[in-house]
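Colleague: I would like to go through this model with you, one question at a time. Please give the cut-offs as we go.

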Amino acid sequence: MKTPLTEIRNICCIGAGYVGGPTMAVIADRCPKIQVNVVDLNESRIAAWNDSDLSNLPIYEPGLDKIVQRARGRNLYFSTEVEPSIANADMVFISVNTPTKTRGLGSGQASDLRWVEACARQVAKCAQGHTIVVEKSTLPVRTAETIQAILQASQGPQSNGEPRSFVVLSNPEFLAEGTAIKDLETPDRVLIGGEDSHAIESLASIYNKWVPSEKILRTNLWSSELSKLTANAFLAQRISSINSVAALCELTGADVKEVAKAIGSDTRIGSKFLNSGPGFGGSCFQKDILNLVYLSRYFGLPEVADYWQNVVTLNTWQQDRIARLVVKNLFGTVTGKRLALFGFAFKANTNDTREAPAIRIAKDLLDEGAQLAIYDPKVESLQIASDLKLPQITPPSLKAGPSKAELSGEGTWWPCSKVEEAVSGADAVLILTEWSQFRGLNWDELAQLMRKPAWVFDTRGIVNKEEVTSAGLKIWRVGDGAT
Ligand code: UDX
Ligand code: ADP
């Protein structure tokens, strides 16, 4: 069935998270004639989006505050009014969370689609007239089928006799956190999957306000859904590949940075995404690969499933390996020792800690009885406590002698507001996030505050090795066989 070419005047986005918030802010900014309502059940998140102090926005993204300032109250609105916003919308974006299932069928691999399903039911209940429903969240292949089935069951006349109809499109988001605004404003491509050409063109015309036509790709629904999973799987695979090579470099005297440069100069390989580190984090990579694994097993392709599973296995191994080598270098024990963790976010320029490598590394060290002094410029201490499933303690005073926890050998942690505070009395610094401020640290000054012999474990390969060693500190740098 061909639906009428709809000029979109009113958009509703369900989910004001890392994807929905910035994406809708950019659409509203670039399309002042379209009213964009971003709705969420989470009242405090919506209050933060509406906060007059833009530094309180719930998501930290460079450039986002300026866009929100321009568009909010003009044609961009944040509210908890889910049902009326759906009713008024020509187009509804579903941008809710889809974490990996933690129980039941497909537990640990398949995505938990209960929030997506709830949204589809809400749209089915409240939508009026013709509504284009756009999947924005990353979803397992063939989710559109589920959404379509729910919507179709409620298709038909409204209470006032007016006809109701739905079309489902897939429009995966490829933005990366920390560069979300740049990625949205100048995307490599916009992907729209669907079967209804009028609906596809309605959505394409929105993006076309600022994205060149040749960058707007049109595919069928299933190719679009699968492309998103595959793009993330390929990117993650590069990181596991370079991390596997880093371990080899450390043993053979090679330097992973030099290897990455040499292989990245081959235009067929390319230079991006070849930074060795503590493993990938973020809400997408692991979840999407596990989805591919689940899908492959479901369709009877165990070898394909195992292939992708190994990308995740290597990632976890890299994190455990780093924790183990810290312990080994600190004379085989970190019990009661103070370690400074620099960075907790899964990468720089975000306050997001979902699947952050810092979590597993910190937990491994806590299990060994370490005392962790954690500094991150953007992550809140409540978030760290929730990730570590351990409340913070009051920072123990160095003058007061060994604390109760130190004596009992229990792992503990506390947040620090600056690096100097974190390194005081520490036996080691672990650099876990590549925040730019960690590149230019004054190691001579920091070394004075540490207990000797003291170490720097640079899991991101960002510090100046000579400056660290000349400050009298020992250094381990990921993938650097010469240290
Ligand atoms: C990713 C995809 O890039 C994006 O297209 C998709 O929409 C969502 O998932 P994001 O998770 O925000 O984005 O961050 P990304 O920059 O891709 O980094 C993911 C992880 O890989 C981070 O933990 C990062 O530190 C790590 N990484 C990245 C490396 O270890 N080395 C690299 O060379 C690049
Ligand atoms: P993402 O990174 O995919 O944007 P987030 O977890 O940051 O994921 O955001 C998803 C948002 O969706 C959350 O703020 C959550 O409260 C919201 N949400 C989930 N289900 C619904 C629903 N049925 N109606 C409205 N909002 C929802």
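Colleague: Is glutamate 7 buried or exposed?

Modeller: Buried means under 20% relative accessible area, exposed over 50%, and partly exposed in between (1.4 Å probe, protein chains only). Glutamate 7 has a relative accessible area of 56%, so glutamate 7 is exposed.

Colleague: Which residue does glutamate 7 meet in a salt bridge?

Modeller: A salt bridge is a side-chain nitrogen of Lys or Arg within 4 Å of a carboxyl oxygen of Asp or Glu. The side chains meet at 3.5 Å, N to O, and the partner is arginine 9.

Colleague: What should I know about the model and its numbering?

Modeller: This is a predicted model, where local features need pLDDT of at least 70 and side-chain atom pairs count only at pLDDT 80 or more, while totals for chains, interfaces and linings use all residues. Residues are numbered from 1 along each chain as its sequence is written, chains are lettered from A and ligands numbered from 1 in the order in which they are written, and side-chain values use heavy atoms, with hydrogens and water left out.

Colleague: How many salt bridges does the rule count?

Modeller: One of them joins lysine 125 to glutamate 83, with the closest N and O atoms 2.8 Å apart. The count comes to 19.

Colleague: Which domains does the assignment give, and how far apart are their C-alpha centres?

Modeller: The bounds come from an automatic or database domain assignment. The assignment gives domain 1 (10-219) and domain 2 (315-477). Their C-alpha centres lie apart by 38 Å.

Colleague: Which three residues supply 80% of the area that domain 1 buries against domain 2?

Modeller: Buried area is the accessible area (1.4 Å probe) that two parts lose on being put together, summed over both. The two domains bury about 680 Å² between them, 45% of it on carbon and sulfur atoms. Supplying more of domain 1's share than any other three residues are Tyr18, Tyr60 and Glu177.

Colleague: Which residue forms a salt bridge with glutamate 177?

Modeller: Across the interface of domain 1 and domain 2 the rule finds 1 salt bridge. The side chain of glutamate 177 meets its partner at 3.6 Å, N to O, and that partner is arginine 354.

Colleague: Which residue lies over the face of tyrosine 60?

Modeller: A charge sits over a ring if NZ of Lys or CZ of Arg is within 6 Å of the ring centre and within 35 degrees of the ring normal. At 4.2 Å from the ring centre of tyrosine 60 lies lysine 378.

Colleague: How many aromatic pairs are there?

Modeller: Rings of Phe, Tyr and Trp (its six-membered ring) pair if their centres lie within 6.5 Å; planes under 30 degrees apart count as stacked, over 60 as edge-to-face and the rest as tilted. A search of the whole structure gives 10.

Colleague: How are tyrosine 207 and tryptophan 210 arranged as an aromatic pair?

Modeller: Tyrosine 207 is buried at 4% relative accessible area, and tryptophan 210 is buried at 13%. Their rings lie 5.7 Å centre to centre with 55° between the planes, so the pair is tilted.
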